[in-house]
Amino acid sequence: MSAPLIAARDLTIRRGGHTILEHVDVEIAAGEIVTIVGPNGSGKSTFLKALIGALKPSSGSIERLPGLRIGYVPQKLAIDQSLPLTVRRFLGLPRRIGRREADALLARAGADHLADRQMVDLSGGQFQRVLLARALLETPQLLLLDEATQGLDQPGSAAFYRRIEEVRSELGCAVVMVSHDLHVVMAASDRVVCLNGHICCQGTPEIVADAPEYRALFGSGTKGTLALYRHEHSHDHDHDHGSDPHHHLAHEDHGG
Amino acid sequence: MSFLDDFLARAALAGLGVALAAAPLGCFVVWRRMAYFGEATAHAAVLGVAFALGLGFAVMPAVLIAALLMALLVTAMTGRGFAMDTALGVMSHTALAAGLVAVTLLADVRLDLMAYLFGDILAVTSGDLAVIWGGAALVLGLTLWRWPALLLSTLNPDLARASDIDPRREEMVLTLALAVVVAVAIKVVGVLLIASLLVIPPAAARPLSHTPEQMALTAAGLGACATLGGLWAAFSFDTPTGPSIVCTAALLFLLTTVLGQLRRNR
């Protein structure tokens, strides 16, 4: 198997005295779609920010293939009303692009005819498609999406994920996305990583969906609380992890 | 050099230099919501002036250093968990008050200080002109050179990092440029009104613009109009020049805002 595009090796990130991620090992291979799931505050966004280099690891490391081209779609992008910005100009940041190139990009992301609109006037779905178009600018080998369907309704997010799959088959890029839409995401992914400060479990969607750790985290209704409680005590804790109660060992692939 | 012998011509050139440098920089000040950052650096300049006059240093470098120190202190404070407006409020008023106190302790400089608080564009010398245009060229060059990176960092720091741009470095560039503009603009509009030249022309340009570049260019044009119009008004009505320039800029803001509203409602 060829070298992974990007890999987190024993990644630990602490901020302001809190441990957000601990001993995370993930490898992303070329062309695969990996989804990161996990409850709120489980460090999903932090993990993506570490991958793009916005956050420095407290220990461990991020290894990138030299010259790796990354496309990044952030969780939210608040544009100040005082900043006039057309969609076309936004796509040309930081590298200026021609009109034709911009239109081709927009078409690929399903955002044709938006080129001359102001960014602040776009609807949620249009905005996400424009963000995706910009992420595709340098024909990335790795596409990172942070809660890209936030604010979209069910059909809207389903359409968005279909588009991601199309983009993957056109460009052959690997996709790493963080999501809340568990059911939609599971179907579209090659591999799912369940994160809760550390890796709870990872594998194909079927394996993860059957894993007790996953069920414990996403148990439905009132049983969720109980399940989470059971989850905490059903694991052996074989190394020191300070005062963080939400700590479990990865159940497989730990150590990559 | 007969043209430059005319004090009005020198005043116009000085004002234009500051207006051109302040416009693109002011756009970032507006976009990043750091209007009071300009104010704080300007107030620090009072402290710089007080020390320069009292201890016999050159004013311009002292102001530059004071403004830079202020910018660095405020950045350090926000990095340590103070809200931006709190940090600015504390530092800005402290600097102004300390400057005024220092001036009183150092005798004989009270009269001079008035010129720095309100500016004295009509007293600009050829030497001042060289400094102002040198500083303006430096700031313009810096802003143009870093423009795409500055813009992306302003939009979203994470997007910038994903494109291998360090948003903190860009912030430092902005801070440095701001300090230079304050230092060179002090003679033109004075400490108390510098921030207005940074904020009002871009705010006036906003309703007329569709892209960031348009806004910066329009702001430069409006700033130049305000400078020349204000000079003319000051000369015609015998009013103080710095405040006249700012009032003209405010009138332009009113005009473009109404125009923008009309266009939107149509």
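Predicted model: local features only at pLDDT ≥ 70, side-chain atom pairs only at ≥ 80, totals over all residues.
**Entry 1: the interface**

I started with how much surface goes into the pairing. Chains A and B bury about 2,100 Å² between them, and carbon and sulfur atoms carry 61% of it. On the chain A side, I looked up which residues lose the most area to chain B: they are L83(A), P84(A) and P94(A), together 25% of what that side buries. As for residue numbers, chain A puts 24 residues into the contact and chain B puts in 22.

**Entry 2: charges and polar pairs across the interface**

Next I went for the salt bridges. The rule finds 4 of them across the interface of chain A and chain B.

Then I asked which helices of chain A supply the touching side. Both α1 (44-52) and α2 (87-91) of chain A give at least two residues each to the side that meets chain B. I sorted that side of chain A by class as well: 13 nonpolar, 5 polar and 6 charged residues.

**Entry 3: cysteines**

How many disulfides are there over all chains? I get 0 by this rule. I looked at C200(A) in particular. The nearest cysteine sulfur belongs to C194(A) and sits 4.3 Å away, so C200(A) is in no disulfide, the cut-off being 2.5 Å.

Is C200(A) buried or exposed? C200(A) is buried, because its relative accessible area is 1% and the limit for buried is under 20%. I checked C173(A) too, and that one comes out at 0% relative accessibility, so C173(A) also goes down as buried.

**Entry 4: chain B on its own**

I finished with the fold of chain B. I logged 12 helices and 0 strands there. Reading the elements of chain B from the N terminus on, I get α-α-α-α-α-α-α-α-α-α-α-α. Chain B has 266 residues, and 53% of them count as buried.

Taking the contacts with a separation of 6 or more, 74% are between residues 24 or more positions apart.

Key:
Residues numbered from 1 in each chain as written. Chains lettered and ligands numbered in written order. Heavy atoms only, no water. Contact = heavy atoms within 4.5 Å. Buried area = accessible area lost by both parts, 1.4 Å probe. Salt bridge = Lys/Arg side-chain N within 4 Å of Asp/Glu carboxyl O. Helix = DSSP H or I, 4+ residues; strand = E, 2+ residues; numbered from the N terminus. Nonpolar A, V, L, I, M, F, W, Y, C, P; charged D, E, K, R; others polar. Buried < 20%, exposed > 50% of the residue type's maximum accessible area, 1.4 Å probe, protein only.
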